[in-house]
Structures are given as C-alpha cells and as structure tokens.
Amino acid sequence: RKGKTPEEVVKKYLQKVKSPPEEDCTICMEPLGGPSGYKGPGVGPVSRAESVGQLAQCGHQYHFQCLVAMYNNGNKDGSLQCPTCKTIYGVKTGNQPAGKMEYHVIPHSLPGHPDCKSIRVIYNIPPGLQGPEHPSPGKPFTARGFPRHCYLPDSERGRKVLRLLLVAWDRRLIFSVGTSSTTGESDTVIWNEVHHKTEFGSNLTGHGFPDPGHLDNVLEELRAQGITEEVDGEV
Ligand code: APR
Ligand code: ZN
C-alpha cells in the first residue's frame, strides 16, 4: 500500500478558508493573505484557493505550505499536531528505539498507597544506530541506566495508567533519542514527555513516592500525546 504524500496528509485534516483573516501565519510569521514564508526544498507551487487552510477540529489557520513543511520536519507518521493548541490529528507516534517493556505485580505497597500492591514496569533499550527519524541518522546512540525500573500503585487508577503506557510504548512515545538534561550527553536514549517514578521506597531524586498528584499528571501528559481511554468524539 502506497503511503499518502505529505500534501495529502495535511489536506485530510484541513478545511478550506474562503478569505484569510488579516493575521500572520504563526508558523512563518508572514501574513496569511500573502504567500508562505517557507522556502525550503520540496515546496511546490500552490493555488491561491488552497494557500491557507483551517485545521478541522481546533480551527487554527496556517499557510498550507507551512503545515506541509512542518509535517516534513517531523517523523511523517500520518499525524499532525496544531502548533498553537497542540490538538492532535490522526495518531501521534514518536521515535523511541527498539526495545522491551515488561511489567509485573510486586507484593509491597508504595509510600502514599498503603492499600494496594505495586506494579513494576521494566524498560530495556539497547544502544544502536540512529535511524532517519532521529537527530543524527547513521550515528550511534547510547542507552544509559537500562533496564530502567518504574513503579505504579496496583490500584484501579494505576492499572489505567499502565494500560495507557502500553499504548504509549507501542506508539514509540515513552523514550526518545536526544540530549539528556541530567547528564548533558547527546545522542542518547532519554525519557520523553511522560513522567515515570523510578524510586520505590524513597524519594531522593524527586522521581519517587509519595506524590499525590502523580497519576493525574501522567494521565494529563499521556493526553497531550493523544493517548486516552475515551473513544473518539467523547469529551
Ligand atoms: N527518574 C525518572 N525520571 C527522570 C529521572 C529519573 N531518575 N531523571 C530525569 N527524569 C525526567 C526529567 O524530569 C525529565 O522530565 O526525565 C525527563 C527527561 O530528563 P533527561 O535527564 O533528559 O532524561 P534521561 O537522561 O533519560 O534521564 C536521566 O533517569 O532513569 C534515569 O538512568 C537514568 O539517571 C538517568 C536519568
Ligand atoms: Zn505560514
């Protein structure tokens, strides 16, 4: 099956705009009434009627070519995220390298969750070579501190977070390749935008328990990646 071209992907999420407002496109900072300021490779001509579009769900407007350029700069997974309000169109995926995610219940309670056992999630990612979706394709990446052990309470809410983390893993959104803000090392596997608790009985790093807001925070971070248990259309 032939994949969609970047133009086709962007069009799928856009509605036509009859007369562009007197505002600037927030991608290129040029007026929506004029041409896109983007002059990169692969920018083809576009008809006047199609030069500005409105994202179907959130309504934010951009130059068509600016959205195509933005899409081309990402990992081209068929999804698009509004740069203004972060609404996700399609299914967002990331560039997490290959590896393994496992979990099991351990018969001990976490600080702050005295009434249930705990879930240990174990991530293991070996070092490897960066692909085209990574910052330096062809260059090696390192992987420090693996296997990384993480903890959740084995409560209803904790199990919900686990289910969503499994989806995030499949969509390659738990880790990324980049520069570690902790160690400063570049071209290494780093946590992506979803926080994990890596300490069990203590909280020396700030990534331990108790933390009453943790599960809510993680659910919000997962939602920001487009991962929820709601079916499409529900609020
Ligand atoms: N445990 C959980 N989350 C962490 C940790 C940690 N020990 N250290 C940082 N984070 C969070 C940060 O708060 C930030 O949101 O991960 C995000 C990315 O931080 P980086 O420092 O760039 O990530 P990374 O290099 O992957 O993590 C550093 O985490 O698990 C350990 O062995 C790993 O010591 C390393 C540390
Ligand atoms: Zn623009």
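**The hairpin and its surroundings**

In this predicted model, β2 and β3 form a hairpin. Five residues lie between the two strands. G59 sits in the turn, with a positive phi of about 85°.

Look at the pairing next. β2 and β3, the latter covering residues 61-63, run antiparallel and are joined by three bridges. Here V52 stands opposite H63 of β3. β2 also pairs with β1: three bridges link residues 14-16 to residues 52-55, again antiparallel. In that pairing, K16 has G53 of β2 as its bridge partner.

Now turn to the cores. The largest nonpolar core has 23 residues. Among those with the most contacts inside it are V121, L164, L165 and V194. Several elements each supply at least two of its residues: β7 (118-124), β10 (148-153), α3 (156-170), β11 (175-178) and α4 (214-224). α3 gives the most, with four residues.

Leaving out residues up to four places away in sequence, V194 touches A168, L173, I174, V218, E221, L222 and Q225.

There is also a second, separate core, with 18 residues. V10, C25, L32 and L55 belong to this second core. L55 brings us back to the strands, as β2 covers residues 52-55.

Last comes the ligand. Ligand 1 has 14 residues around it. G145, S180, T182, W191 and H207 come nearest. The shell divides into 10 polar, two nonpolar and two charged residues.

Definitions and conventions:
Residues are numbered from 1 along each chain as its sequence is written. Chains are lettered from A and ligands numbered from 1 in the order in which they are written. This is a predicted model: local features need pLDDT of at least 70, side-chain atom pairs count only at pLDDT 80 or more; totals for chains, interfaces and linings use all residues. A nonpolar core is a set of buried Ala, Val, Leu, Ile, Met, Phe, Trp, Tyr and Cys residues joined through C-beta atoms within 7 Å. A residue is buried if 20 or more other C-beta atoms lie within 10 Å of its own, exposed if 12 or fewer, and partly exposed in between; C-beta atoms are placed from the backbone. Two residues are in contact if their C-beta atoms, placed from the backbone, lie within 7 Å. A residue is near a molecule or strand if its C-beta atom, placed from the backbone, lies within 6 Å of it. Ala, Val, Leu, Ile, Met, Phe, Trp, Tyr, Cys and Pro count as nonpolar, Asp, Glu, Lys and Arg as charged, and the others, Gly among them, as polar. Two strands pair if DSSP finds at least two bridges between them.
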